[in-house]
Amino acid sequence: MSLARNTAVIGGLTLISRLFGFARDVALAAALGAGPVADAFFAALRFPNLFRRLFAEGAFSQAFVPVYSKTLAAEGEEAANRLASEALSVLLLMVGVLSAVAIACMGWINLALFGGYAQTNPEAFQLATVLTQLAMPYLFAMSAATLFSGVLNAHGRFFAAAAAPILFNLCQLFALWLVHDTPELAALAAIIAVSISGFLQALWVWWGAQRSGIKMQLPFPRLTPAVKRLFVLAAPAAIAGGALQINVMVSQALASFEEGAITYLNVADRLYQLPLGLIGIAVGVAMLPRLSRLVQEGDEPGARGALDEAVALSMAFTLPAAAAMLALPFYLIDGLYSRGEFSAADAHNAALALIHYGWGVPAFVLAKIYAPAFFAREDTKAPMRYAITSMVLNIILGGALFFSLRAAGVAGFQGLAIATSAAAWVNVMLMIRALLARGAYRPTPSAFARLLRICLASGVLFAVLWFAGANREQLEAALGSKEAAIALIILGGGSFYFLVAFLVRAVTVSEVRAAFRRERGPAGGGGGLPPGLDG
């Protein structure tokens with residue numbers, strides 16, 4: 001399938017997941033509010049999510065897919081599946097040991113991650129510790145799920161892996177529907193549902209692999225030469241792929257010194273993660289097998305063209321999303337979240353974070369687009385260096401802004417959002433410079449002109465959305481509720497943007513047709529989705 005088709009499959013299923021995720025976030029906000037219990041819950045999710053993205057999604061997939069694809073093309077299906085089976089055994093052993101150690105030591109670990117509550121609110125600190133311990137099995141299950149997903153993606157099959165996260169949201173919604181008497185009980189029910197969802201996702205993608213004819217086993221863990229090479233590549237990729245999450249973790253540790261700040265950052269995080277998940281991750285996942293094939297075939301012009309296409313495709317959707325966050329930060333959060341325990345004052349605070357995440361959104365997405373250009377060439381060390389640079393900047397700048405703003409009597413957490421976005425842009429600029437120097441990226445004049453037209457269309461959208469926000473009261477009076485008004489703004493703004501994009505030729509009909517034209521499948525494996533799973 002083409003990059004656009006694969007992205008559409010992944011992005012479409014991610015959109016369904018995010019819609020359920022929005023329902024889950026609304027249920028969580030209503031049940032937990034924005035106080036210590038909510039801070040404890042979101043702190044508990046951060047730790048297993050960080051290591052899931054380091055050891056599983058962020059690192060292992062990005063190292064595994066090129067190596068598996070190369071083995072598949074050179075040695076065939078049996079050798080590739082043997083590599084995957086050996087890697088699965090070692091990965092599960094490593095993650096199992098890590099999870100056991102983390103559960104045993106979580107009280108001490110949380111002193112670093114949630115230390116602000118240790119003295120001011122010991123009950124919330126203890127709750128965060130218990131919740132994190134209950135969430136750790138999720139990491140173990142998702143490690144297996146990610147490997148199966150990587151195998152499916154290398155074969156050009158994206159449906160099962162892209163649909164799996166829907167189970168994460170459905171499980172929590174069901175738990176919150178069953179248990180919502182008190183914030184503490186709701187948090188416990190939701191976190192148990194997180195771990196259950198991990199095992200359900202692992203079973204789902206395993207079934208997808210079985211149905212696709214991919215036969216894998218679980219041998220005794222052995223560090224074979226192929227597995228050693230895989231983990232050598234995955235180690236630096238863990239830092240490169242998880243840079244954003246590490247930055248968010250650092251922000252959370254500082255935010256624990258300001259009550260409610262973790263929740264405000266998390267609510268803003270959920271909104272900026274929408275374009276990141278729908279576009280950045282979707283395009284990155286779809287592009288990695290394609291780039292790996294082009295690089296292995298020595299087709300550098302084709303690889304550069306694929307990168308041009310991915311940047312344009314991702315920015316065509318990301319820049320208007322960023323424009324909305326910059327034009328309507330409070331209106332978006334108030335319209336979507338303010339109900340139950342989550343007040344309009346909480347929405348104002350979350351909007352302070354969202355506006356600064358908004359100008360970082362293009363960088364968050366571009367990092368997911370440019371990183372596969374390194375991973376496809378089995379270079380995980382360069383992205384690691386750039387990620388370390390961005391993390392150091394984030395820690396220094398975030399700490400300086402957080403404490404200086406607090407000293408000035410201003411909410412310090414917004415400084416953490418500023419630092420995260422600034423660090424993301426530094427990371428992207430370093431990657432672009434390296435790719436240009438290597439000749440792996442050379443934007444054509446037409447690609448650059450198209451990007452300028454996308455910026456123009458997004459600028460027009462920003463002006464329209466700002467005007468709509470300035471006339472919020474009239475809109476709500478005419479439509480009867482803030483929810484109806486924000487829905488109209490989102491749907492109407494999106495339609496208006498694409499109309500302008502076609503008028504200024506940021507997007508053309510011929511480009512859309514070409515983008516969705518079917519390509520040949522990966523060498524050694526089937527192309528496209530398995531029968532009956534075409535989305």
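The model is a predicted one, where local features need pLDDT of at least 70 and side-chain atom pairs pLDDT 80 or more, while totals for chains, interfaces and linings use all residues. Residues are numbered from 1 along each chain as its sequence is written, and side-chain values use heavy atoms, with hydrogens and water left out.

The chain has 21 helices and 0 strands, both being DSSP runs numbered from the N terminus (helices: H or I, at least four residues; strands: E, at least two). Of its 535 residues, 59% are buried, that is, under 20% relative accessible area, with exposed meaning over 50% and partly exposed in between (1.4 Å probe, protein chains only).

Helix H12 takes in residues 300–327. With 20 of its 28 residues buried, H12 is largely enclosed by the rest of the structure.

Now for the aromatics. Rings of Phe, Tyr and Trp (its six-membered ring) pair if their centres lie within 6.5 Å; planes under 30 degrees apart are stacked, over 60 edge-to-face, and the rest tilted. That gives 12 aromatic pairs. Phe174 and Trp177 make a tilted one, at 5.9 Å between centres and 35 degrees between planes. Both sit in helix H7 (residues 165–178), 3 residues and so about one helical turn apart. Phe174 is partly exposed at 49%, and Trp177 is exposed at 61%. Tyr264 and Phe413 are also tilted, because their centres lie 5.4 Å apart and their planes are at 45 degrees. This pair ties helix H11 (residues 261–296) to helix H17 (residues 413–438), linking parts 149 residues apart in sequence. Tyr264 is buried at 9%, as is Phe413 at 2%.

Methods
The expected span of a helix is 1.5 Å times one less than its number of residues.
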